[in-house]
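Here is a short report for a first look at this structure. Start with the view below, then read on.

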Amino acid sequence: FVIGARYAFRGDMDGLTRSTFSDFGSGTLTAFQLFLGDNWSKVLFAAMLSKESPYGQFFAGMYIIAWFVLAKLIITNLFVAVIIENFEVATTIQHVQKPGYFSILRQSVREGRKRFAGVFRGKKFNFT
């Protein structure tokens, strides 16, 4: 997005706002600003005012709005994914605490070890 905006807007937004796409660093900061939704309308209007033709203004507006909507979808999906992951972790912890297959397996291994140790206790083996 930053590289495309840099070619589309170049230094046209320099006098209108501090958030510009004139170089890669400031373009990345502007894209991050739009990603967070901080003062996005000012960047939108500055991008639209930087173009003279109505088609250029429309393209500038659609370009900024497309990134803004995409960023909001990404943030929303990340937020929902974190919440769902926390619910799954809590459910897993509850299932692990309940006696189930693992506790039955652990108990049978312990009993088998005790029986094995009781059978061979005190006997000497000659493997030659």
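How are H1 and H2 oriented to each other: roughly parallel or roughly perpendicular? The model is predicted. In it, helix H1 (residues 2-9) and helix H2 (residues 24-36) pack at an angle of about 115°. Angles of 65 to 115 degrees count as roughly perpendicular. H1 and H2 are therefore roughly perpendicular to each other.

**The helix pair**

Two packed helices are described by the angle between their axes and the distance between the axes. For H1 and H2, the axes lie 9 Å apart. Their crossing is right-handed.

Which residues make the contact? From H1 come Val-2, Ile-3 and Arg-6. They meet Phe-24, Gly-27, Thr-28 and Ala-31 of H2. By type, the residues of this contact divide into 4 nonpolar, 2 polar and 1 charged.

**The whole chain**

Now step back to the protein chain. Its secondary structure comes to 5 helices and 0 strands. From the N terminus on, the order of elements is α-α-α-α-α.

The table gathers values for the chain.

| Property of the protein chain | Value |
|---|---|
| Buried residues | 23% of the 128 residues |
| Contacts with a separation of 6 or more that join residues 24 or more positions apart | 52% of these contacts |

To recap the helix pair: H1 and H2 pack at about 115°, and their crossing is right-handed.

Key. Residues are numbered from 1 along each chain as its sequence is written. This is a predicted model: local features need pLDDT of at least 70, side-chain atom pairs count only at pLDDT 80 or more; totals for chains, interfaces and linings use all residues. Side-chain values use heavy atoms; hydrogens and water are left out. Axes are lines fitted to C-alpha atoms, for helices over the stretch in contact, and angles run from 0 to 180 degrees between N-to-C directions. Helices (H or I, at least four residues) and strands (E, at least two) are DSSP runs, numbered from the N terminus. Angles under 35 degrees count as roughly parallel, over 145 as roughly antiparallel, 65 to 115 as roughly perpendicular and the rest as oblique. A crossing is left-handed if the near helix is turned anticlockwise from the far one by less than a right angle, and right-handed if clockwise. Contact means heavy atoms within 4.5 Å. Ala, Val, Leu, Ile, Met, Phe, Trp, Tyr, Cys and Pro count as nonpolar, Asp, Glu, Lys and Arg as charged, and the others, Gly among them, as polar. Buried means under 20% relative accessible area, exposed over 50%, partly exposed in between (1.4 Å probe, protein chains only).
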